[in-house]
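Visitor: I am new to this structure. Could you show me how to read it, feature by feature?

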Amino acid sequence: VTATGPTVGGLVASNSGTVTDSFWDKDTSGQSTSAGGTGKTTAEMQTAATFTSAGWDTTVWDITNGAYPVLLAPAVPCSFGICWDGGAGNFNWFDAANWTGNLLPDSTQSIFIKALASPVLFSGTGAFASLTSDADLTMTSGSLTFTAAVNFASGTLFTLQAGTLAFNGLTALDDLTIAGGSAGGAGAVTVAGTFSQTGGSWQQVQTTLPGFSAGQFNFNGGTFLRATGGTGSAGTPYLINDVYGLQGMASTDYLDQAFKLVDDIDASDTENWNAGEGFRPIGDFPNQFTGKFDGDGNTISDLFIGDAAFAGLFGRTGSTAQIRNVGVVNVDVNSTNVVGGLVGRNEGSVSNSYATGTVNGGDTANSYTGGLVGHNFGTITDSYASANVNGVKETGGLVGYSASSGIITNSF
């Protein structure tokens, strides 16, 4: 603070009124006197106790050591049914002091949660109308149902660790992680960022499936089922009508079940899945696909599959597996191991099926590359491949290597 005249002060130059609990920085101002207030060093001005001991209101000021006080943004009136105000100082959904009016949300209210430093933790039972959240939410137990719209802001994460979660209204999430528990519901779910499943279960089986989409779909554990009907038995197979339900067939618990396509499937989004690795093949070792799959004359188009030990729509099938009546169109498979447009390693039966597109294999010791099947120990009947096939070791237009038990009939 500088002046050309005789009157100058660090806080106030001249004063005929009252100054209380106010301060100035003697170091930065270069002034040691003032007509009011108390002079402090820079270190003292950046010490919280200077202000808290003077009674400054911490709901008005953000006061921390190592910085000057900063005015907090004014509280925004709650325009929802109930808002999170964090009055309890923790992140517990079921602490009433965290909500406006110190009342827990009820089933009729629209809920708003502001941006927070840590996830809100839900561990109880509740059914709520709608939720708008600028914060992460982690469910650790109990049962949580939303009957209306759910909207999470960009950059947020909803995590299910345990318990039962149901989305029965339109749901828009940024990132969703299923690590445990069970989830589903009758409402459409849009995940703008990444859907990641490492455990637990997602299940939607109903005649008219609600919408489901994800920017990235990373399926690495647990069970995922989307079907328009069926029980998984040979007589009443699960009815699959989208690429997410198709990927769910790779669930370990479903590898012995029966499935049937009820529509053509556009699989072009798989190029964005699993951090660039694409679709996760159905069956591997030791978890082979041993069930039944009937394409019913439908096609799966633009499927992308990256490096896997057994690469193809089906990675590895067991002796009881049956695959029939399906076309894999414009497939793009790129692996260094056992690679086929439809099946990596076939120990069951393939019939009335075909593959087109590009199949690229590698040169490992166990590399077998085929347009339809990489390594055949079972039967292939009335099937064909019309694909660009590239490999190093055993490479064939239809089959890379057919073992002594392998039978190929009426195919090209």
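Guide: Start with F195. At 0% relative accessibility, F195 counts as buried, because buried means under 20% relative accessible area, exposed over 50%, and partly exposed in between (1.4 Å probe, protein chains only).

Visitor: What should I know about the model and its numbering?

Guide: The model is predicted: local features need pLDDT of at least 70, side-chain atom pairs count only at pLDDT 80 or more, and totals for chains, interfaces and linings use all residues. Residues are numbered from 1 along each chain as its sequence is written, and side-chain values use heavy atoms, with hydrogens and water left out.

Visitor: Which residues does F195 touch, beyond those up to four places away in sequence?

Guide: Contact means heavy atoms within 4.5 Å. On that basis F195 touches L176, I178, W202, F212, A214, Q216, F217, N218 and F224.

Visitor: How do I read a pair of aromatic rings, such as F195 and F212?

Guide: A pair of aromatic rings is described by the distance of the centres and the angle of the planes. Rings of Phe, Tyr and Trp (its six-membered ring) pair if their centres lie within 6.5 Å; planes under 30 degrees apart count as stacked, over 60 as edge-to-face and the rest as tilted. A search of the whole structure finds 35 such pairs. For F195 and F212, the centres are 5.6 Å apart and the planes are at 75°, so this pair is edge-to-face. The pair links distant parts of the chain, 17 residues apart: F195 is in strand β16 (residues 189-197) and F212 in strand β18 (residues 212-219). Helices (H or I, at least four residues) and strands (E, at least two) are DSSP runs, numbered from the N terminus. F212 counts as buried, at 9% relative accessibility.

Visitor: What is the geometry of the F289 and F314 pair?

Guide: Their ring centres are 5.0 Å apart and the planes are at 50°, so the pair is tilted. F289 lies in the loop between β22 (265-266) and β23 (292-301), and F314 in strand β26 (residues 314-317), so the pair ties together parts that are 25 residues apart in sequence. Both F289 and F314 are buried.

Visitor: How many residues are in the largest nonpolar core?

Guide: A nonpolar core is a set of buried Ala, Val, Leu, Ile, Met, Phe, Trp, Tyr and Cys residues joined through side-chain atoms within 4.5 Å. The largest one has 79 residues. F158, F195, W202, L246, F293 and L313 have the most contacts inside it. Strand β27 (residues 322-334) gives the most to this core, with five residues. A second, separate core has six residues, including M45, F51, A54 and I63.

Visitor: In what order do the strands of the open sheet containing β25 run?

Guide: Two strands pair if DSSP finds at least two bridges between them. The order is β25-β28-β32-β36, and the pairing is parallel. β25 (310-311) and β36 (394-396) stand at the edges with a single partner strand each, so one side of each is left without a neighbour in the sheet. Between β28 (residues 338-340) and β32 (residues 368-370) there are three bridges. There V339 stands opposite T369.

Visitor: Which strands pair with β8?

Guide: Strand β6 (residues 110-113) pairs with β8 (residues 130-133) in the parallel sense over four bridges. I113 has S133 as its bridge partner. Strand β10 (residues 150-152) also runs parallel to β8, joined by three bridges. L131 stands opposite V150 there.
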